[in-house]
Each structure stands twice: as structure tokens, then as C-alpha cells.
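This briefing is meant to be read with the sequence and the 3D structure side by side. Please take the topics one at a time, and find each residue in the structure before moving on to the next.

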Amino acid sequence: MTPSHPPAPHPAAARRRTLRTATDIAAAGLAPAPRMAEIEAVAERYAVAITPALADLIDPTDPNDPIARQFIPDTRELTATPAERADPIGDDSHSPVKGIVHRYPDRVLLTPILHCPVYCRFCFRREKVGGEEAVLGDGEMAAALDYIRAHRTIWEVVITGGDPLMLPSSRLAEMVRALDAITHVRTIRFHSRVPVSDPDRIGQPLLDALQSETALWVAVHCNHARELSEAARAACRRLTRAGIPLISQTVLLKDVNDSPAALEELMRALVAARIKPYYLHHLDLAHGTDHFRVPIAAGQDLMRHLRGRVSGLCQPSYVLDIPGGHGKAPIGPVYLDGDRVEDWQGGRHRYPPERGD
Ligand SMILES: *Cc1c(COP(=O)(O)O)cnc(C)c1O
Ligand code: SF4
């Protein structure tokens, strides 16, 4: 007798490809059936994708799993607070041509693709990523490169998105070659989550595409020590072996990394994987992200915890991207107050010291 329905795939088998719908997520055993309607409603509004590498890190029996929290849609995403906005860091007002954001004199963002292998539920560009026509066409890329060529103050090109390491290696190679040929561009920086979200993509064709005359850095987006799986660390190793220095970007997220232990473990794991912690981002005011928000004072306390207790190599700088397009500002904490300087244990000392101190 043949069954009327094919047997449901085993959850582990369902996790072998990227999950894009409520049905996929439920089949992978990552959300109970009653949550499907909620996930479907969120998926209608915002892009959803969870790669096998990240799905495998989720513990479905833990209701507070920090990986699940970052990627499984939540109904709270459909409620925006009055302070939240569609363009939280004012990219649009600083975009002279499609695919370029020029806010600081010496550097530009280049956004060749607005797709990602995985979609973070707190994404600051969530209104832009995952849509159709999200890849720069040949003419648009040529115009963006012309803009960079024409502005001799541009010392650095930050290639971001979306996730630029999703592009085919041949396109990456063309872009890197074109930037290499612009003599005033001395630094190329990729911002990517691929080493964590799809580590197998960091293979020889991609490494070859990133070989450049110009210094080329990769900033890895990573928010929890568990994201640095064996596969992710191996991907980072391939990048560093190819001569590419790695820095990190972490978003401070409630119930993901906002405890002293979680943040300390993450920073140590990054440095141990040869990634220099660069920024701890205060969460941008994107729509429907309030359930991830940590008060700035709590972020400063977490930074105080790191200072002194954890190697200097493990210290990121805590930054806020000022709404309206005013750029990033370090937001502390501050250890100098007039003629008093505070040590890592909270002791205060006069500086310069009085004679005999
Ligand atoms: C964040 C950002 C940069 C890079 O800033 P750094 O502080 O150099 O990391 C550059 N341009 C724009 C528009 C940005 O938003
Ligand atoms: S990887 Fe970056 S651009 Fe992509 S969804 Fe996450 S935060 Fe947004």
C-alpha cells in the first residue's frame, strides 16, 4: 500500500538546505507548529533565510537559544516604536549614485548586492535586503566605480550589502581588479557574515578573487561565541592564510550577548580565531527591533567589565551610528574625568599625580 502523503523528512535532513518559509523552519524542528502563522506573517514583511551552518547550531529544546533568537522570525518584529525608522542610519541622504554611500571624506560604502545567505531579525538594512533587483547591474557598477575613480579623497572602499561575499567569485574578482587599478584607493574592506553563515563558500575560487595589490581586509559579523563553529574557524583560517587580516563587528543584542560572560566569551573566541574585535554596535533603530535593544548604560557597563579582565586584544570599541546620517560615534565608557582617571577596578586616581602619590 502506498501512503497518501510522502513521509515528512527527518528534521536533520530538512536542515541541509537554507530554510526560507515557516514550513521549512517547522520541518527542520526549529519552531513548533503553533508558531507557523506568526512566522508566515513576519516572512511576508521581511526576508527570511537560515543557512544549514546556522540551523545546525540551534538547540531547539532551549527556548532562549541565542542563535535561534537572531534568525527565527518573531511576531514582535511587526510592531515598530515611534523612534524606529526605515533608514535608521541615513544611507539614502548620502547616496550620490546607486550602490554608493559617501558620508566621510576618505571612505565610501559600495553595496553591490542586497542579498544575504542568512537574514538577521535585527538587520539595520532590513527594508532593503532580500528584495528583487537587489544586485547592481553592469552599468550601475560601472557608474559606482566611476564615482570612486573621480573622487581622489577616497582612500578606502568598504564593500558591504547585503553580503558581498555572496557574489560569484568571477564578479568579486572583477570588482577587486577594478579597485586595484584606482591608485588613490589604498584599502578595500569587505563586511560579511559568510565566514559564519556559509563557511564552505570560503573556498579557493573566492580566495583567489580576493587576492589584490591593495590591502584587503574582511570584517566578520559575529554576535555569539557559538557562531564560531569549527567550520567557521576553518573558514577564517583560510582567509588569514591567504594574507587577509580579519576584524569583527558585533551587534549588542538583548538575550544574545548582553551578559558579561557571553560578551567576554565572544571576544576571546574572536581573538583565538585570529579576528581582532573592531566594533560593538549599539543596535540601530530599524523597524521592529525593540525586543533586541539594550540601554546604552548597560552597554557601557559591559564594556567596563571587559576592560582589565580581558586581554587588550579583546576590546572592541562601542559605537552608535547617529540617526540621520551623521556617522558613527564611540559611546564610552569614559575613564578620564577632569584630573581623575579611573582604573579597571573602579579606583580613581589624580592625573598628573601629586608629588608623593
Ligand atoms: C560605517 C560606515 C563607514 C565605515 O566606518 P568606519 O568607522 O571606518 O568603520 C563608512 N561609510 C559609511 C557611510 C558608514 O556607514
Ligand atoms: S548579514 Fe548583515 S546585511 Fe545581512 S541580514 Fe544580517 S545584518 Fe542584515
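This is a predicted model: local features need pLDDT of at least 70, side-chain atom pairs count only at pLDDT 80 or more; totals for chains, interfaces and linings use all residues.

Asp-255 counts as partly exposed, because its relative accessibility is 46%, which lies between the cut-offs of 20% for buried and 50% for exposed.

**Backbone details**

- Most residues other than glycine have a negative phi, and most peptide bonds are trans.
- Asp-255 is placed in the loop between β6 (246-251) and α11, while Arg-274, another residue that is not a glycine, has a positive phi of about 65° and sits in the loop between α11 and β7.
- Arg-274 is partly exposed, because its relative accessibility is 46%.
- The peptide bond that leads from Gly-161 to Gly-162 is cis, with omega near 10°, and Gly-162 belongs to the loop between β3 (156-159) and α7.
- A cis peptide bond also leads from Gly-332 to Pro-333, here with omega near 5°, and Pro-333 lies in the loop between β9 and β10 (336-337).

**The sheet**

- Strands of a sheet pair through backbone hydrogen bonds, either parallel or antiparallel.
- Nine strands, in the order β1-β2-β3-β4-β5-β6-β7-β8-β9, make up an open sheet whose pairing is mixed.
- At the edges of this sheet are β1 and β9 (327-330), each of which pairs on one side only, and the twist from one strand to the next averages 30°.
- Strand β8 (residues 317-322) and β9 run antiparallel and are joined by four bridges, and Asp-321 is found opposite Lys-328 in β9.

**Two packed helices**

- Two packed helices are described by the angle between their axes and the distance between the axes.
- Helix α6 (residues 138-150) and helix α7 (residues 169-180) have axes that come within 11 Å and cross at roughly 25°, so α6 is roughly parallel to α7, as angles under 35 degrees count as roughly parallel.
- The crossing of α6 and α7 is right-handed, and the residues that meet there are Asp-138, Met-141, Leu-145 and Ile-148 in α6 and Arg-171, Met-175, Ala-178 and Leu-179 in α7.

**Salt bridges**

- Side chains of opposite charge can pair when their charged atoms come close, and how many salt bridges does the structure hold? The structure holds 26 of them.
- One salt bridge joins the side chains of Glu-84 and Arg-293, at 3.0 Å from N to O, and this pair links distant parts of the chain, with Glu-84 in the loop between α5 (66-71) and β1 (100-104) and Arg-293, 209 residues apart from it, in the loop between β7 (275-281) and α12 (296-306).
- Both Glu-84 and Arg-293 are buried.
- Another salt bridge brings together the side chains of Glu-264 and Arg-268, at 3.1 Å from N to O, and these two residues both lie in helix α11 (residues 260-272), four residues apart, which is about one turn of the helix.
- Arg-268 is partly exposed, because its relative accessibility is 38%.
- Arg-350 forms a salt bridge with Glu-354, where the closest N and O atoms are 3.8 Å apart, and salt bridges that share partners join Asp-339, Arg-340, Arg-350 and Glu-354 into one network.

Note on methods
Residues are numbered from 1 along each chain as its sequence is written. Chains are lettered from A and ligands numbered from 1 in the order in which they are written. Side-chain values use heavy atoms; hydrogens and water are left out. A salt bridge is a side-chain nitrogen of Lys or Arg within 4 Å of a carboxyl oxygen of Asp or Glu. Buried means under 20% relative accessible area, exposed over 50%, partly exposed in between (1.4 Å probe, protein chains only). Two strands pair if DSSP finds at least two bridges between them. Axes are lines fitted to C-alpha atoms, for helices over the stretch in contact, and angles run from 0 to 180 degrees between N-to-C directions. Angles under 35 degrees count as roughly parallel, over 145 as roughly antiparallel, 65 to 115 as roughly perpendicular and the rest as oblique. A crossing is left-handed if the near helix is turned anticlockwise from the far one by less than a right angle, and right-handed if clockwise. Contact means heavy atoms within 4.5 Å.
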